[in-house]
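I opened a new page for this one.

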Amino acid sequence: MGQALWRLPPRQQQRLQEELADQLTERGGGEGGRVGRDGGSAQRRAPQQCNGPDIYHLLKTCRGGKEQHGFIDLEMLPPELGITILSYLNATDLCLAGCVWQDLGHDEYLWQGLCKSTWGHCSIYNKRLPAGFSYRRLYLQLDEGSLTFNANPQEGIDYFMSKGILVDHPKELAKFIFYTRRLNWKMLRIYLDERRDVLDELVTLHNFTNQFLPNALRDFFRHIHAPEERGEYLETLITKFSHRFCTCNPGLVRDLGLSPDAVYVLCYSLILLSIDLTSPHVKNKMSKREFIRNTRRAAHNVSDDFVGHLYDNIYLIGHVAA
């Protein structure tokens, strides 16, 4: 696990170092006093300067200075730290870890935290759990279903439904997708292209209030990945985003004279500008003046200053759909 998991404030570091030095001195005094090489008794050594004691030394001090052999028991760590460590392991590694750390395989609160930190929303979370329910078993089922989804999206969803984990409702499926980190984005794109009802609910989960248009578009494509080629699916995504952005920012729409159609045009302009500025194959990059002129031809109500800020954002931050 390493010995740098938990750092302490400087004053607490110094106090703990002094306690360690006192314990070493008392241990040496109990043995009758050790004689140094110069013939005198060993004096108390000043604690060495370091980055601070880690969790290993802290646990060793709490146990009276006894040496800890093997792995540190996760029960000695704060629950949040234990869940963070274990969240980096897959289901197979977690089962193996249960053989190393004591009582890990039977800690239902720990498995519950792992389930909800990885799969933030499941229909089963809101149900009355039956007697003998095991979050450890649920974690293994969620992991199995995610792997199945990444191979075949529909089979993965069917697996979740067969285990009672998900309910066949577009809103429940959209929440599961929105709060899950384990789904392959390519398979997710295929599934959403086939299930437009789930896509509609997924779009409504995004909140673009007070977000600058390029940043909101990046956030949107971070959850719903854009297709690699232009086509009907990309047009559908931009249309849904445009309506959602206007719904979340009525004041901005009123002040700037925007509309879903105008936002649609601006989104396409941002995508084309992103490709132009980031592609190594384009030698003659589009200038700010050219971008303003081309965009104003399609979106007449948008000011030059606003379009200029859009260009600066792409130039400084990068692609909106990377």
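**Notebook: from one glutamine outwards**

I started at Q141: leaving aside neighbours within four places in sequence, Q141 is in contact (heavy atoms within 4.5 Å) with Y159, F160, K163 and I165. Before going on, I noted that this is a predicted model, where local features need pLDDT of at least 70, side-chain atom pairs count only at pLDDT 80 or more, and totals for chains, interfaces and linings use all residues. Residues are numbered from 1 along each chain as its sequence is written, and side-chain values use heavy atoms, with hydrogens and water left out.

Where does Q141 sit? I found Q141 in helix α6, residues 135-151. Helices here are DSSP runs of H or I with at least four residues, strands are E runs of at least two, and both are numbered from the N terminus. Q141 is buried, with a relative accessible area of 19%. I wrote the cut-offs beside that: buried is under 20% relative accessible area, exposed is over 50%, and partly exposed is in between, with a 1.4 Å probe and protein chains only.

**Whole chain**

I counted 16 helices and zero strands in the protein chain. Of its 322 residues, 40% count as buried. I also checked contacts between residues at least 6 apart in sequence, and 62% of them join residues at least 24 apart.

**The core**

Which residues have the most contacts inside the largest nonpolar core? I got L142, I177, L192, L213, I224 and F241, in a core of 67 residues. Helix α14 (residues 260-278) gives the largest share of this core, nine residues. A nonpolar core is a set of buried Ala, Val, Leu, Ile, Met, Phe, Trp, Tyr and Cys residues joined through side-chain atoms within 4.5 Å. I then looked at F241: not counting residues up to four places away in sequence, F241 touches F208, L213, A216, L217, F220, V263 and C267.

**Helix α10**

In helix α10 (residues 196-204), I listed V198, L199, L202 and V203 as the buried residues. Seen down the axis of α10, they fall within an arc of 140° (taken from the directions from the helix axis to the C-beta atoms), so they line one face of the helix. These buried residues pack against α8 (170-178), α9 (185-194), α11 (213-223) and α12 (232-248).

**Last stop**

Is L316 buried or exposed? I have L316 down as exposed, with a relative accessible area of 69%. L316 belongs to helix α16, residues 304-317.
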